[in-house]
Amino acid sequence: MKMKASDVRKMSAAELETKLGELKKDLFQLRLQHATNQLENPVKIAEVKRDIARVKTIIREQQLAGR
């Protein structure tokens, strides 16, 4: 599920916003599972956080390049 920066850079701005929303939902679900002791692999939380940061970074780079 881990995303690469090169894959993220190929996405359009709208796709990035959609992906960001999906990742935030995933993170919420993982935190909920973790709180109820149903999460099998807690490392997934960190992976999703990194993916969110990666998407946000690319969005910001595109915003700065557009100016």
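**A tour of the salt bridges**

This structure holds three salt bridges (a side-chain nitrogen of Lys or Arg within 4 Å of a carboxyl oxygen of Asp or Glu). You're looking at a predicted model, where local features need pLDDT of at least 70, side-chain atom pairs count only at pLDDT 80 or more, and totals for chains, interfaces and linings use all residues. Residues are numbered from 1 along each chain as its sequence is written, and side-chain values use heavy atoms, with hydrogens and water left out.

Start by colouring by pLDDT (the predictor's confidence in each residue, from 0 to 100). The protein chain averages 92, and 97% of the residues score at least 70.

Next, select arginine 9 and glutamate 61: their closest N and O atoms sit 2.4 Å apart in a salt bridge. Arginine 9 is in helix α1 and glutamate 61 in helix α3, so this pair ties together parts 52 residues apart in sequence. (Helices are DSSP runs of H or I, at least four residues, numbered from the N terminus.)

Now go to helix α2 and pick glutamate 22 and lysine 19, three residues apart, about one turn of the helix. Here the closest N and O atoms are 4.0 Å apart.

Last stop: arginine 54 and aspartate 51, which meet in a salt bridge at 2.8 Å, N to O. Both are in helix α3, about one helical turn from each other. Is aspartate 51 buried or exposed? Aspartate 51 is buried, at 3% relative accessible area, while arginine 54 is partly exposed at 21% (buried is under 20%, exposed over 50%, partly exposed in between, with a 1.4 Å probe and protein chains only).

Methods: Helices (H or I, at least four residues) and strands (E, at least two) are DSSP runs, numbered from the N terminus.
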